[in-house]
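Okay, thanks everyone, let me put the structure up and we'll walk through it together.

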Amino acid sequence: MDALIRQVLSGAALGGIYALVALAVVMVYQATRHVNFAIGETAMFSASVAAACFQAAAPYWVGLLAAVATAFVLGVAIERLLVERLERASALSVVVVMIGLLLVFNSVAGWLFGFTVRPFPSPFPPARTRYLSPHEIGVIAVSLIVVVALYGFLQHTRLGLAMRATADNRTSSRLVGIRAGWMLALGWGVASAIAAVAAMLVAPIVYLEPNMMSPVLIYGFAAALLGGIDSPAGAVVGGFLVGMFENVAGAYLVGPELKLVAALAVIVAVLMVRPAGLFGTRPVARV
Amino acid sequence: MSGPAPTALLALRELSAFHGPVRALDTVSLSLGAGTVTALLGANGAGKTTLLGAICATVRTTGEIWLDGGRIDALPTDAIARLGVAHAPEGRGTFVSLTVEENLRAAAYAGGRAAEARAARVYRLFPRLHARRRQPAGQLSGGEQQMLALGRALMTAPRLLLLDEPSFGLAPRAVGQLFAVLRAITREEGVTTLVVEQNAALALDLADQASVLETGRLVFAGTPQGVRASPALRRAYLGV
């Protein structure tokens, strides 16, 4: 029983990371109806910037700030310089650009920071515990804090309201004087920064290297679709569900080699019954 | 109207507007005096909605648009809105996923401080909106959505109010209420208004200026009395 509890809880820790990635995907999708496939790689790139800071003997919080700032700027820049210009292009063009960016950031990160697998520090001290390591507890806490902070920002600040208004109806937001273009860019920036936090949290577990985020991104997308691609709450719930199921399935049902397959099979099954996801309101029409 | 001609708040000079390659508005020149209410009449497809869109830069234009002595035709939509041009668009364009209250506050985003007082005033004008302030706008009835669109326009403390078919799809009683509020806003506060309306009799009643568009060209600019006095215009737009 203890072992099962441990598997579920440590799955929840991974789930917190997936939840953050899923939330980032959903935020971008809600605002611009695009799927940002590059979000895992910009996050990995940002974590690599943090690693460079650590190598220069910077304290943890400096590296974290550097990573979040890098990701934010990258997100804003991608929206302003690329996505905005493709506003009238087909959704497929944006998909191609995003996959292109994924490869670009993957290669540039390898070129700048190296392709070797490197350890990455956790801000939480190592300790022996019964169920969860301090890092896992920290991951769950940080992901919940990020979710609550984002909710508070969107629901209770003027800027958050303007961002929601822009996501709801771009033309109307412009007609009341909101700088819609910058609101969308800001949304991409914040989403990108959230994914960077996920990368900072996962790197101590999987170690830092250019392909570190690929499985995380797949689980994150799966979580977003499971929860409903237009539902931020769904993304968070989906993330935790996927993480816990993945871990339990890996330990008891199919073994670690097939746990990705098992998790995705369950998600496909859920989506066949509920195409909009658990909390989604409309079926996905584009992409 | 008696007295000297009021100074123009909005002036259009040789304004043309395009939907893709199609010229929907053809070299229209028109002035709106400060504090006046102008009814814009015309058949479906005459270019009325396009003209409002042209002022707000939501369609491509050539020609000049002057607001209070400054050219605005090269500005983006949001910058024009921040200069005090409020547009309640056709189909209302409310933020359906936001609550009524959030719709109003989002509209005051650019205006900043006075949001509370303005919202209180909108609720005074439309008590229905106050009763529904915590509901998503998407759940409102057509009449309530129209009230919200107008209320949202008022939240920006506009100098120029552009109204597209405010009576569209409303029950007669709701139309009466809405126009009573419009009359109050325009008469008492002197907000310069350009109103597009299918119901020409209603619009002319509210207005002190009238303009008529036919297939993208301005064919009449004068007073409501002028429209009523012209047998051709009367037949075409008032049906009598």
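This is a predicted model: local features need pLDDT of at least 70, side-chain atom pairs count only at pLDDT 80 or more; totals for chains, interfaces and linings use all residues.

What is its secondary structure made of? Helices: chain A has 11 of them and 0 strands. Along the principal axes, its C-alpha atoms fill a box of roughly 60 × 50 × 35 Å. Of those 287 residues, 51% count as buried. And for contacts in chain A with a separation of 6 or more, 76% come from residues 24 or more positions apart.

Now chain B. Here we get an open sheet of 4 strands, antiparallel, running β2-β1-β4-β5. β2 (22–33) and β5 (70–71) of chain B sit at the edges, each pairing on one side only. Strand β1 of chain B, residues 8–19, pairs with β2(B) over 8 bridges, and in that pairing you can find Phe18(B) opposite Arg23(B). Helix α1 of chain B, residues 48–55, packs on the sheet and touches β1, β2 and β4 of chain B, with its direction at about 70° to that of β2(B).

Last bit, the contact. How many residues does each chain give? Chain B puts in 21 and chain A 16. On the chain B side, the elements giving two or more residues are α2 (77–82) and α3 (100–107). By class, that side has 10 nonpolar, 6 polar and 5 charged residues.

Technical notes: Residues are numbered from 1 along each chain as its sequence is written. Chains are lettered from A and ligands numbered from 1 in the order in which they are written. Two residues are in contact if their C-beta atoms, placed from the backbone, lie within 7 Å. Ala, Val, Leu, Ile, Met, Phe, Trp, Tyr, Cys and Pro count as nonpolar, Asp, Glu, Lys and Arg as charged, and the others, Gly among them, as polar. A residue is buried if 20 or more other C-beta atoms lie within 10 Å of its own, exposed if 12 or fewer, and partly exposed in between; C-beta atoms are placed from the backbone. Two strands pair if DSSP finds at least two bridges between them. Axes are lines fitted to C-alpha atoms, for helices over the stretch in contact, and angles run from 0 to 180 degrees between N-to-C directions.
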